Amino acid sequence: MANGGPVEHGFPHLETVRESVTALYRRLSYDTVRTFSASVAPVDVAFCDTDDLYLGTQRVAHELVRHYRLPDARMIVSFREMTHAANVELTAGPEYFVELNDRFRTHRRDIGAALAHEVMHVYLHRLDLSFPSTRDNEILTDTATTYLGAGWLLLDAYREDAASSQKLGYLTPEEFGYVLAKRAQVFGEDPSVWFTSPQAYTAYGKGLALARRDEQQPPLTAAGWAGRRRYARDRRHAQDPHVAGAAGAAGAAGGDPYSFTAQPPGQLRVSFPCPTCHQRIRVPVRGRVRARCGLCRTVLECDT
C-alpha cells in the first residue's frame, strides 16, 4: 500500500498481467468467466462513516464472498497496525481470517477495495491457481480481482495530489485501467461511471488506450497503415528462403507480437496473441482469414 509515498506508474508488469488473463481463462473456462458479467455494484460495498465498523466490514466481506461465489467461505475480519493494506490466512476453510490495516478504521470507503483483493486470494487458493513467485502471484490476484468484476474498487482507491497519495494493490493505476478496459471490451460495461477518484479516470483512460491498441495489431484487419506495412515487409522476409532463418524473429525484433514459422516446409504460418485472452493463435499465411480463439472464443478478422 502506497500511503503518502511515491506511486509507480506505467506498465512495468504488463507481461505478467497478460499471462494472468490467459491463466484465468485456462483455469476457469470461457463459460465460467462469462458468469462474472456483472461487476460489484457500488451500493453493495458502500460504507458510511456512521455504520458500525465491524458489522459494516462483515457486510462488505459477505457481499464479495457472494460475488466470487464462495457460499461456504466465512471471513473473520480484524484490524491491526501493519505495513501492507491487508492480509489473509489461507487455510482449508470454511473460515478465513483477514486482517486490515488500522488505517481503514478512518478510511472506510476503501475497505471494499482491500477486501476485494484478499477474498480473491481465497478464491484462487480454492482454484489451486497461483504463480511461482510472490510478486507474480500478487499481480495474478490483482488481475483476477479486476477481470472478474471487483477491481474497479482498487483503482478507485487510488488518489494522489501534491501533499498525499494512496494506492492499493500491486498493479500500477494504469495497469488496473488496462485490465478494466479488457473486461469492459468483453462485457460491454463502462466502469468509469463508478469512479469517485479523479485520478482513476486518467489511469483508466491510459489503460483503455493500450487495450485498444491490442486490437489494432497486425495481422488483424483493424491494424493501422504503419503496422500493415511493417507486417508486409516481415512477411516478405519470411517468404524469402535466403533470410527465412531469421524471419521467425522478425516481428519480435521490431517489438511486434507476431512471428512466422514454416511448418511443414513451404507452408508459412503466423502466430500472434489473441487480443482478448492473449493466448497465441497460429493461422496460415494466405490473405484474408477468420480465426476463432479456442480459449476465449473471440472471432478475429485477419489479413495474413
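This briefing walks through one protein model, from overall build to single residues.

The model is predicted: local features need pLDDT of at least 70, side-chain atom pairs count only at pLDDT 80 or more, and totals for chains, interfaces and linings use all residues. Residues are numbered from 1 along each chain as its sequence is written, and side-chain values use heavy atoms, leaving out hydrogens and water. The protein has 11 helices and 11 strands. Helices (H or I, at least four residues) and strands (E, at least two) are DSSP runs, numbered from the N terminus.

**Overall build**

- The C-alpha atoms fill a box of roughly 70 × 45 × 30 Å, taken along the principal axes.
- Contact means heavy atoms within 4.5 Å. Among contacts between residues at least 6 apart in sequence, 59% join residues at least 24 apart.

**Surface and charge**

- Buried residues make up 52% of the 304 residues. Buried means under 20% relative accessible area, exposed over 50%, and partly exposed in between (1.4 Å probe, protein chains only).
- The protein exposes about 14,200 Å², and carbon and sulfur atoms supply 50% of it. Accessible areas come from the Shrake-Rupley method with a 1.4 Å probe; for residues, only the protein chains shown count as cover.
- There are 36 positive and 35 negative side chains, with the centres of the two sets 10 Å apart. Lys and Arg count as positive, Asp and Glu as negative; His and the chain ends are not counted. Each charge is placed at NZ of Lys, CZ of Arg, CG of Asp or CD of Glu.

**The nonpolar core**

- In soluble globular proteins, nonpolar side chains tend to be buried together.
- A nonpolar core is a set of buried Ala, Val, Leu, Ile, Met, Phe, Trp, Tyr and Cys residues joined through side-chain atoms within 4.5 Å.
- The largest one here holds 92 residues, and those touching the most other members are Tyr68, Met75, Leu100, Leu115, Tyr123 and Leu155. Helix H4 (residues 111-127) gives the largest share of this core, 11 residues.
- Leaving aside residues up to four places away in sequence, Tyr123 touches Leu28, Thr32, Phe36, Tyr68, Leu70 and Leu148.

**Two residues toward the start**

- Phe11 sits in the loop between strand S1 (2-3) and helix H1 (14-28). Phe11 counts as partly exposed because its relative accessibility is 29%.
- Not counting residues up to four places away in sequence, Phe11 touches Glu174, Glu175, Tyr178, Lys206, Gly207 and Leu210.
- Glu19 is in helix H1. Glu19 is partly exposed, at 38% relative accessible area.
- Glu19 and Ile139 are 120 residues apart along the chain, yet their C-alpha atoms are separated by 9.9 Å.

- Most residues other than glycine have a negative phi, and most peptide bonds are trans.
- Asp128 is not a glycine, yet has a positive phi of about 60°. Asp128 lies in the loop between H4 and helix H5 (134-147), and is exposed at 67% relative accessible area.
- Arg297 also has a positive phi, about 70°. Its loop runs between strand S10 (288-292) and strand S11 (299-303). Arg297 is partly exposed, at 37%.
- A cis peptide bond joins Pro218 and Pro219, with omega about 10°. Pro219 is in the loop between helix H8 (198-214) and helix H9 (225-239).
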